[in-house]
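Please keep the sequence and the structure in view while reading.

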Amino acid sequence: MCKTSLAEEPHQQLAIETLDELDWCLEQLETLKTRHSVSEMASNKFKRMLNRELTQLSETSRSGNQVSEFISSTFLEKQHDMDIMSAPNKEKDKNKWPMSQISGVKKPTHSPNLAPSTIPRFGVNTSQEGLLARELEDINRWGIDIFKVSEYSGNRPLTVTMYSIFQERDLLKSFKIPADTFITFVMTLEDHYHADVAYHNNIHAADVVQSTHVLLSTPALEAVFTDLEILAALFASAIHDVDHPGVSNQFLINTNSELALMYNDSSVLENHHLAVGFKLLQEENCDIFHNLCKKQRQSLRKMVIDMVLATDMSKHMNLLADLKTMVETRKVTSLGVLLLDNYSDRIQVLQNMVHCADLSNPTKPLELYRQWTDRIMVEFFTQGDRERDKGMEISPMCDKKNASIEKNQVGFIDYIVHPLWETWADLVHPDAQEILDTLEDNREWYQSMIPHSPSPNPKGKDEGALSGEATALSEGGGPTLADKFQFDLTLEEEGESDSESPPEDEEGCIVRGGSELCRTSCSEFDALSAAAHLLSKKLTTDSDRTFSFDTEKIMAEDT
């Protein structure tokens, strides 16, 4: 026994020294910018698992295939192969502009010189100021009725929302922004949102600004961000869809549009929104950042660019993986509080905040959510009509002759919205619980609206006219889901016991009852915690549903 103990002592000493060296390595790694490599690996595994689930979903039914194609084409970055297809004929544009010139910028329709003494209470003249005031009393509350704000402000929701929030936060005073300059800029910006675009218009911009404002005020983030960062986040939210043409990036790429050529098919619209937003600052009496010092302007511009580019929906999975990696790594490293002590972490939270605000429709009161859904469907169908007229393949969820609205909303929530908001809720726990509850209630409502047919193959089913129920697809959709489908990304501490875990199949799936928890670990995280992505799903198949409705009716509501 004594000889054995003596023989073990060198090994024990070596083990202690090795552990000390590993601890040092961990400390060094934590001081480096490892987030990108770790989150990239997590994102790749997440995407692989999502692709596997979407493949299975597409095989369940025709509507399941629609949902799968939409989510894949919208929220996953497109992988291009080398088989170059001949593109459709480019649209003829009689009013071409030089490639170095930013398109979409037009002359103001109102006077750029407003007398500060004549600026109305909410920045615009309206005959319904009392009703508008009543709505704006809830400017700090989640779920404000932005449609009523638009109505009572004479279709100036972005102007009155921005003006109210900047006054609420005292930003005009903090950055010495003249009130007349601010109103002139925001009204000019609002004029550059297209009134004939059903969804990506000034109402959506105002909604995202107000949602970002509320998220910035969450108790978990109190005193975390500087006034300059808050200014950047609100400005980014305001310009994030300016001059949106009502079609997708892929449509612009497929039609060889001037914008796609200018921005090399990369985040085409997001780059354009940024260019227009900053260009408008150069218009007469529009530079709201005139009194910022050079360093402040540079910092603000960088933050705004990073935030708006992150609204490209094809970046969704990367953003989600980044955020989850931050949340879980913080837990693994025993960081008990939200500590954002470097630009990378701070901008990551701000990017996800604006992204959450951009994908917040399903978290709002149901009556508002349904209006947003009607609007996005009008926009989708308008693009689908253009694609049909050009002889192009119609994009997923853009064919008004064949769409499954309720299923699409369920799938959109389960695959995209809930994972994002659940991760955000982990970051600011418990501040977002009420938002999550509303999201889940809305999801259950759409689930209950899915029609069930006794026939597994309902061929010849009549197309139903969508009355008030055509309210279901803000950005995606879902298959017939019997239970909620959720993604969970976690970073598990190395050394967790698997001795009592159920047996796994070759794909790493643990079978428990009727559901699967697909699990895969990331052993490649050098000297960091092993990563595992948990995926639970419960799917059932159901009949398809088609519908048609009058898109002109919704558009008429804005005139």
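Two rings of Phe, Tyr or Trp (for Trp, its six-membered ring) are called a pair if their centres lie within 6.5 Å; planes under 30 degrees apart count as stacked, over 60 as edge-to-face and the rest as tilted. By this rule the count comes to ten aromatic pairs. Two of them are listed below.

| Pair | Type | Centre to centre | Angle between planes |
|---|---|---|---|
| Y369 and Y446 | edge-to-face | 5.2 Å | 75 degrees |
| W445 and Y446 | edge-to-face | 4.8 Å | 85 degrees |

The model is predicted: local features need pLDDT of at least 70, side-chain atom pairs count only at pLDDT 80 or more, and totals for chains, interfaces and linings use all residues. Residues are numbered from 1 along each chain as its sequence is written, and side-chain values use heavy atoms, with hydrogens and water left out.

Helices (H or I, at least four residues) are DSSP runs numbered from the N terminus.

Relative accessible area is found with a 1.4 Å probe on protein chains only; buried means under 20%, exposed over 50% and partly exposed in between. Y369 counts as buried because its relative accessibility is 0%. Y446 is likewise buried, at 0%, whereas W445 is partly exposed, at 23%.

Elsewhere, F185, F235, F278 and F289 form one aromatic cluster. A charge sits over a ring if NZ of Lys or CZ of Arg is within 6 Å of the ring centre and within 35 degrees of the ring normal. The charged end of R301 is placed in this way over the ring of F278, 4.6 Å from its centre. In the ring of W142, the centre is 4.8 Å from the charged end of K364, which sits over that ring.

Which residues does M162 touch beyond its neighbours within four places in sequence? Contact means heavy atoms within 4.5 Å. Apart from those neighbours, M162 is in contact with F182, V186, V209, L234 and A238. M162 itself belongs to helix α6 and is buried, because its relative accessibility is 0%. Between M162 and H213 there are 9.7 Å in space, C-alpha to C-alpha, although the two are 51 residues apart in sequence.

Key
Helices (H or I, at least four residues) and strands (E, at least two) are DSSP runs, numbered from the N terminus.
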